[in-house]
Structures are given as C-alpha cells and as structure tokens.
Amino acid sequence: MHCLVIVDVPSRLTLNVAKTQCFSMMDRRTFTKLSVATLVAAPSHIRAQPKQNVIVIGAGAAGLTAAYHLKSAGVGVRIVEASNRWGGRLKRLTGFSEVPLDLGAEWIHDEPTILGQIVGKGETDLDVGTIEYRPQTYQFWHNGRLSSFDTLRYTYREVKFHDTTWYGFFERFIVPTIQDTMELNVPVSHIASNSGGVAVHLRNGRVYEADKALVTVPLSVLQRGNIGFSPDLTPPHIRELQDIDFGSGFKVFLKFKERFYPDILMEGPRLSALADTWAQKIYYDAAFGKPTTDNVLGLFAVSDSALPRASLDDETLLREVLAELEDIFGSVVSRTFIAGKVQNWSNERFIMGSYSMTNHGWQGVDDILAPMAGKVFFAGEALGGDAQSTVHGAAFSAIDAARDIQAR
Ligand SMILES: Cc1cc2nc3c(=O)[nH]c(=O)nc-3n(C[C@H](O)[C@H](O)[C@H](O)COP(=O)(O)OP(=O)(O)OC[C@H]3O[C@@H](n4cnc5c(N)ncnc54)[C@H](O)[C@@H]3O)c2cc1C
C-alpha cells in the first residue's frame, strides 16, 4: 500500500492537507500493457484505483493529452496552467467567419488516423470531419511581379479539419475527461524533488506535492530559466537547451468581400517554395475546403530568427500586412477589406514564440530533457521526435511520458 498526499499551501506558514489518497501498488508494467482504449471504455467500477499522483505543468496539447491518459489509467492528476485558458498553442477564433479558425496549430501534419491514436483508440474512426488539403492555385510575388506556379498542386497535400479546429478536437475528445483536474492562472515557479516525491511551487506562494511532475511548458520557458529546478536542471542541460532554436511567429486572418487571391501566395522566386527551411511566410485561403462562402485569407509567418513584425503591436502589424497586400493586388484590398485578426505568438507571455526548430548541439532533446530522478518528466512538441513542432508530436510525447511515469 502506498499513500500519497497533495498539500495545498495557501500561505507560506499554513499547511492544509487537501487530499490524501492511498493506492494499492498493482504492477505498473502490466497495467501499461493494457490498451488505453480498453481503459477508457472500461466501466468505472473495474477501473484501477488511483495509484499515484502526478502534477502536470501546462495545459497545451501535451499536458492535456498526458492528463487524459494518466487519468484514464487511474492515476491521480492535477494540471496547473499559467495562463487564463487551456490550449497553449491551440487557440480558436469564433465569430469572425461562419467556420471556427485556428489561431495556432491548424494543419494535421499526418494522416487523420493520428486523431484516434491521440485519444488512445488506435485507428478508430472518431467521426471527425477532415478534408484533403490540396491547394490548386499558387502565386509568387517577386521583384514587384506576380506569377503563377500551379504545378505545385501535384507536389503538396495535407489534411485539415472540415468544420472544426485542433482546439475543437481537444475540447470534444480530451478536455471533458480532465476538466475537473485543471487549475488556470497558476504559473509554476519552481519544482523540487526529493526521495518522497515532488513539490511544485506556484508563483502565488502555494505548493502542491505529489509523487511525480510532468513538465510540458514550451522550450522557451525552460530556456529562460522561468521555472527553477532543485536538484538543478544542471547547468550543462540549461546550456544545451540554448542550442535549440525556438522560433518567432504569428498568424493573421483577414476577411474580404471578394476573393482576389489564389489558394497559396508566397514571396520570392517560384523555386523558393521547394526550399527546406524553417522560415515560412505563406498567405493562404483559410476557407479552402471549408463549409463557408466567407473569403478569409490567412497569413502564417514563422522563422528561426526574430521576425521584425513579431515585435509590433497588433494594430500596426495588421496595417503593415494590409499595405503589403495592397502593393501586390492593388486597391481591391482596401475596397473589400472587412475585418482582421492578429495572433502574435511571440508576444504571448507564457509561450514567447512559435515552436522548436533546429538543434545546433550534439545532444538530442530526449537526452537533454530526460526524466530527473525518476520524478520529474518532460513532454511537449520539442520532444516530438519525427513529429517535432506539431500537435501530434506534442501529444505522442505526452503519451510516452504518461507510460513512462506509470512504469517507474
Ligand atoms: C503559428 C503557429 C502555427 C502552428 N501550426 C501548426 C499546425 O498547423 N499543425 C501542427 O501540428 N502544429 C502547429 N503548430 C505547433 C503546435 O501548435 C505546437 O507544436 C503544439 O500545440 C505545442 O503543444 P505543447 O503542449 O507542447 O505546448 P503548448 O501548447 O505551448 O502548451 C504549454 C503550456 O504551458 C503553459 N505554461 C508556460 N509556462 C508555464 C508555467 N510557468 N507554469 C504553468 N504553465 C505554464 C503555457 O501557457 C501553455 O498553455 C503551430 C504553432 C504556431 C505557433
């Protein structure tokens, strides 16, 4: 029998034992071999009793997915999120167009079958509408001229949601299971571990204790040392984290009365579209394949260096983007413009950029962010391996971490 305690510390002086849970220690390895699908489907009376408590730091794709799988497996979970909303780099814009729009992650950078895998149901069809995203018309703006290069339609294909968003997907399949475990507006400042477990210190002075902690904050937060660790995330680790680029980036949506733009508009010579680079600036028809007649043009801009526009306030950024489009397409832009929305990820206080990019060091992210003392674990897009910098990469890293947490 193993007893664990979550301690709620409203002030530095008073310790309130908020919750005590005693768990029978069933064989965790055996347990994790059971498919998560079976666990999710299992009636509550045959589910395992809580075996241990885990504090998940960050309620983005990784934190939400980890909490969902841990809770489904009978582990006690508490999510602590710094901002006032869940989702992290998943964010939805409603009321702008007939269809909801993704202000953060938008594309499904793999086959739709990953959706079932994220929720632990293998390749089950979840009945989520997706579309094959295969833009047909491409234009390039170069040296003051616009030229077409539609041949690219044969080389580029991806998947998107039909009438929902990445945020909507998590809202429907993941969040209902874990909503009651989530605490918002509680930035974590420090994580201490000792032989008994972990103590997670919040900026508001409270401390939560548990067996283990799973850290899913963006790489930018760790690189800046915004969360302290004791025993330290040792100096070489902190130094090696700096070898990984965390990009800057923003998105803009613009609504027009007319559609005067192609499916995809890029800057530079036509062959630049084939360059293998992290820096991307793409205007795209955000309503492509969606059930709406609205004309919505998106701008996706990310870079491994600081984007000058990412330092602007939203109003100035929007004005610059409209002026740029006016240079390309002429007065139709201002004549038909209805509304615009900027989402500047570089200015988000708890994100501070877009996503992890090149690792210039010799050590892999998995090694740099290996579990510490079997108590503090890491997940998130930077640990997504082949799917680094994507939603499913973040989710899969979380599923791995959840499995690892139960196995130790
Ligand atoms: C502009 C843009 C476009 C993108 N497009 C796509 C796309 O089309 N497809 C795709 O698959 N991916 C895309 N991505 C990447 C994708 O959004 C991310 O890979 C993924 O959402 C990251 O999830 P995460 O859980 O690792 O991190 P996050 O979503 O960043 O979650 C981390 C959470 O930790 C919280 N946090 C930070 N500090 C603290 C603290 N001290 N205490 C507690 N909580 C804290 C943050 O508030 C945040 O909620 C895009 C990203 C951007 C920025």
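Okay, so let's start with the ligand: 41 residues surround it, and the closest are Gly 58, Gly 60, Gly 88, Gly 380 and Glu 381. "Near" here means that a residue's C-beta atom, placed from the backbone, lies within 6 Å of the molecule. Keep in mind that this is a predicted model, where local features need pLDDT of at least 70, side-chain atom pairs count only at pLDDT 80 or more, and totals for chains, interfaces and linings use all residues. Residues are numbered from 1 along each chain as its sequence is written.

What is the shell made of? It divides into 22 nonpolar, 14 polar and five charged residues.

When I say helix or strand, I mean a DSSP run, H or I of at least four residues for helices and E of at least two for strands, numbered from the N terminus. Now zoom out to domains, whose bounds come from an automatic or database domain assignment. Domain 1 (2-87 + 170-244 + 357-407) and domain 2 (129-159 + 248-347) both give residues to the shell, so the ligand lies between them.

Let's stay with helix 12 for a moment. It has 17 residues and reaches 24 Å from its first C-alpha to its last, close to the 24 Å expected at 1.5 Å a residue; the expected span is 1.5 Å times one less than the number of residues. Of its 17 residues, 14 are buried. Buried means 20 or more other C-beta atoms within 10 Å of the residue's own, exposed means 12 or fewer, and partly exposed is in between, with C-beta atoms placed from the backbone. For the chain, 41% of the 408 residues count as buried.

On to strand 19, the other shell contributor I want to follow. Nine bridges join strand 19 to strand 22, and the two run antiparallel. Two strands pair, by the way, if DSSP finds at least two bridges between them. Phe 256 stands opposite Asn 295 in strand 22. Strand 22 (residues 295-303) also has six bridges to strand 21 (residues 280-285), again antiparallel, and there Tyr 284 has Gly 298 as its bridge partner. Seven of the nine residues in strand 22 are buried.

Phe 256 comes up again with Ser 334: the two are 78 residues apart along the chain, but their C-alpha atoms are separated by 9.0 Å. Ser 334 is found in helix 10 (residues 332-336). Is Ser 334 buried or exposed? Exposed, because it has 11 other C-beta atoms within 10 Å.

There's also an open sheet of five strands, in the order 12-4-3-16-25, with parallel pairing. Its edge strands are strand 12 (182-183) and strand 25 (376-378), each pairing on one side only. Strand 4 (residues 76-80) meets strand 12 over two bridges, and Ile 79 has Met 182 as its partner there.

Last stop, Pro 100, in the loop between strand 5 (92-93) and strand 6 (101-102). Pro 100 counts as partly exposed because it has 18 C-beta neighbours inside 10 Å.

Note on methods. Ala, Val, Leu, Ile, Met, Phe, Trp, Tyr, Cys and Pro count as nonpolar, Asp, Glu, Lys and Arg as charged, and the others, Gly among them, as polar.
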